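Welcome, and please open your viewer.

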Amino acid sequence: MATALAKVNLQRVSPRKARLVADLFRNASVIDAIPILKNTPNKSSTLFLKLLNSAVANAVNNNGMDADKLFVSKILVNEGPTLKRFQPRSQGRANRILKRTSHLIIEVSER
């Protein structure tokens, strides 16, 4: 069974929020996954939509697969490096702000 992969690193969306969107279309066919992502109002849904289109293009152009038979076989949302920022508070204190990043991977296969 041939697979095609697309990945993007260091995206400024927290992995916890990205996993919520990834669970919506895990193991779904590409034809069903695209409308789900287009109608989900999250930042990570646009990232996943671009990534899914890239994985489909890789499958069709590089591996010669049929786009109508593709489904999402694997989705990984891994934690990337965390950007540490500080916000001033009263009496000379500072609060730490953690800006989390994600590594997103989509793999598609033929049914």
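For the charges on this tour, Lys and Arg count as positive and Asp and Glu as negative, while His and the chain ends are left out. Keep in mind that you are looking at a predicted model.

**Start with everything.** Show the protein chain as a cartoon and you will find three helices and five strands. Follow the sequence and these elements come in the order β-α-α-α-β-β-β-β. The radius of gyration is 17 Å, well over the 13 Å that the globule rule gives for 111 residues, so the chain is more spread out than a compact globule. Switch to C-alpha atoms: along the principal axes, they fill a box of roughly 65 × 25 × 15 Å.

Of the 111 residues, 37% are buried.

**Color the charges.** Select Lys and Arg in one color, Asp and Glu in another. There are 19 positive and 7 negative charges, and their mean positions lie 20 Å apart.

**Look at contacts.** Take those between residues at least 6 apart in sequence: 72% of them join residues at least 24 apart.

Now select residues 83-88, which form strand 3, and residues 94-99, which form strand 4. How do these strands run? They are antiparallel, joined by six bridges. Finally, move to the five residues between the strands, where Gln91 takes a positive phi near 60°.

Note on methods:
Residues are numbered from 1 along each chain as its sequence is written. This is a predicted model: local features need pLDDT of at least 70, side-chain atom pairs count only at pLDDT 80 or more; totals for chains, interfaces and linings use all residues. Side-chain values use heavy atoms; hydrogens and water are left out. Helices (H or I, at least four residues) and strands (E, at least two) are DSSP runs, numbered from the N terminus. The radius of gyration is taken over C-alpha atoms; the globule rule is 2.2 Å times the number of residues to the power 0.38. Buried means under 20% relative accessible area, exposed over 50%, partly exposed in between (1.4 Å probe, protein chains only). Contact means heavy atoms within 4.5 Å. The place of a charge is taken as NZ of Lys, CZ of Arg, CG of Asp or CD of Glu. Two strands pair if DSSP finds at least two bridges between them.
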